[in-house]
Amino acid sequence: MDYFCIPEVYNQPVIGVVTTRKTHKGYPLPLGKESHIYQEMILNARKRGLFIYYFYPDGVHWDTKRIQGHMWMNGSWIRKEFVFPDIVYNRIVHRDYERRKTVVECLGGFEKCPDVNLFNSRFLEKWEVYEALKDHPEAAKVLPATALFSRDSLTDFAHSFEEFFIKPRRSSVGKGIIKVISTAGGHFYYAFSSRQTPSWKRVNRIDSLYARILKSAGMSEEGIIIQEGIRLAQYKKRIFDLRTLVQKDHEGKWAYMGSGIRVAGVRRFVTHIPNGGMRAETGNVISHVFDQSLSLENVEQSLREMVSWLPDELEKRTGLSLGVLSMDIGIDQEGQIKLIEVNSKPAKFDETDIRARHLSTLNDYFEFVYQNANLKKG
């Protein structure tokens, strides 16, 4: 296979984006929506003189320091061998893929490689995020009460909150979430997030609820957290939240990129689009729900204040190198923002303005990382 280089990008960063394929067969080129997203990233970077290619973990040849990958060139995808990149951006978007042996070995190898900067090296998990943030002075304002799942914590939450959630520690897009409603009469109703309208079931004892949750979740206590339910504001009788993008800028500092509203389906308690949610215009929703009591500017100011401490604290406490994060943010009925979830592998934002800022700032960060690494070498 030919070795590929572009003379005009010498002394400019080379970025390798690691992904995984849906099949074990061959080394397929990107198709469909995936192809469009990759093209967009490559073409935007090329305007800045940055060189990006995509590759799979088993395409790395550690002995020769060459990587079999693919890039968009002259209107089509080409497959070539590339030099080792200066920067590796982990865009493996499925948790089960990231646990595969070839992926673990690949990411571990780049973490040990002194001439390669790897960021967003793995998925975050919910308990890890809570543990990292809970002791910060600002955390009490935004974090819902959270605990590892057990019979005792279930009893405490049932006595303390009218509504709470059971969540897998390692999951995304609303998968496996159980909502529990505790009634004054001592009964409990619970339902699962799913593609269908939730079907509520009733139990009369905490022991029964505990057993049902463990059986339904299909995992041990250690794999589950329990979290306070937020009394979310509603838009046309549907809950909503803000999917917020933050990332590092040209100075390596965290910056707010924007937020897109996701409105839950009728009688749903998660807002993810695969579970019946829909997109809506952020300013319209805020003004409709809160009238004059809360503006989009107020919300975004609160989010910027959160960005001023939260991502740095998360990096410091986890020891991870992160560059791009999305946060699911709820607004309660009093207009206060609450942190629902943090994701180190955000899906594509469909809001055009946010997407444009994302790509531009990502290129800024690539340049910052490259220049900073060269300064250290010098």
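**Figure 1. Pairing of strands β9 and β10 in the predicted model.** In this predicted model, strand β9, which covers residues 163-168, and strand β10, which covers residues 178-182, run antiparallel and are joined by 4 bridges. Within this pair, glutamate 163 is the residue that stands opposite isoleucine 181 of β10. Both strands belong to an open sheet of 6 strands with antiparallel pairing, in which the order is β8-β13-β9-β10-β11-β12. The edges of the sheet are formed by β8 (146-148) and β12 (201-203), each of which pairs on one side only. From one strand to the next, the twist of the sheet averages 25 degrees.

Figure 2. Strands β10 and β11 run antiparallel and are joined by 5 bridges, with isoleucine 178 standing opposite phenylalanine 192 in β11. The two strands form a hairpin with 5 residues between them, and glycine 186, which lies in the turn, has a positive phi of about 90 degrees. On to β12, the antiparallel arrangement continues, with 3 bridges joining β11 to β12. Here lysine 201 in β12 is the bridge partner of tyrosine 190.

**Figure 3. Helices α4 and α7 against the sheet.** Helix α4 packs on the sheet and touches β8, β9 and β13 (224-228), its direction making about 125 degrees with that of β8. Helix α7 (residues 206-217) lies across β9, β10, β11 (188-192), β12 and β13, and runs at about 10 degrees to β11.

**Figure 4. The packing of helix α6 with helix α7.** Helix α6, made up of residues 151-160, packs with α7 at an angle of about 120 degrees, and the axes of the two helices are 10 Å apart. That angle makes α6 oblique to α7, and the crossing of α6 and α7 is right-handed. On the α6 side the residues that meet α7 are Arg151, Leu154, Thr155 and Ala158, whereas α7 contributes Ile206, Asp207, Leu209, Tyr210 and Ile213. The buried residues in α6 are Ser153, Leu154, Thr155, Phe157 and Ala158, and what covers the buried residues of α6 includes the strands β8, β9, β10, β11 and β13 as well as helix α7.

**Figure 5. The packing of helix α4 with helix α10.** Helix α10, which spans residues 310-318, packs with α4 at an angle of about 105 degrees, and their axes are 9 Å apart. The two helices are therefore roughly perpendicular to each other. Glu128, Val129, Ala132 and Leu133 of α4 make the contact with Leu310, Glu313, Leu314, Arg317 and Thr318 of α10.

**Figure 6. The nonpolar cores and the surroundings of valine 342.** In the largest nonpolar core, which has 40 residues, those with the most contacts inside the core are Phe240, Leu314, Met327, Ile331 and Val342. The largest share of this core, 5 residues, comes from helix α4, which covers residues 126-133. A second, separate core has 26 residues, among them Tyr38, Trp72, Phe119 and Val324. When its neighbours within four places in sequence are left aside, valine 342 is in contact with Leu124, Val129, Leu310, Leu314, Leu325, Ser326 and Met327.

**Figure 7. Two residues with positive phi in loops.** Asparagine 74 is not a glycine, yet this residue has a positive phi of about 55 degrees. Its place is in the loop between β4 (66-73) and β5 (76-83), where asparagine 74 has a relative accessible area of 74% and is therefore exposed, the cut-off being over 50%. Lysine 237, which is likewise not a glycine, has a positive phi of about 70 degrees. Lysine 237 is placed in the loop between β14 (234-235) and β15 (238-248), and this residue is exposed, with a relative accessible area of 78%.

**Figure 8. Proline 114 and its distance to alanine 373.** Proline 114 lies in the loop between α3 (101-112) and β7 (117-119). With a relative accessible area of 73%, proline 114 is exposed. Although proline 114 and alanine 373 are 259 residues apart in sequence, their C-alpha atoms are 10.0 Å apart in space.

Conventions. Residues numbered from 1 in each chain as written. Predicted model: local features only at pLDDT ≥ 70, side-chain atom pairs only at ≥ 80, totals over all residues. Heavy atoms only, no water. Core = buried A, V, L, I, M, F, W, Y, C linked by side-chain atoms within 4.5 Å. Buried < 20%, exposed > 50% of the residue type's maximum accessible area, 1.4 Å probe, protein only. Contact = heavy atoms within 4.5 Å. Pairing = 2+ DSSP bridges. Axes fitted to C-alpha atoms, helices over the stretch in contact; angles between N-to-C directions. Parallel < 35°, antiparallel > 145°, perpendicular 65-115°, else oblique. Left-handed = near helix turned anticlockwise from the far one by under 90°.
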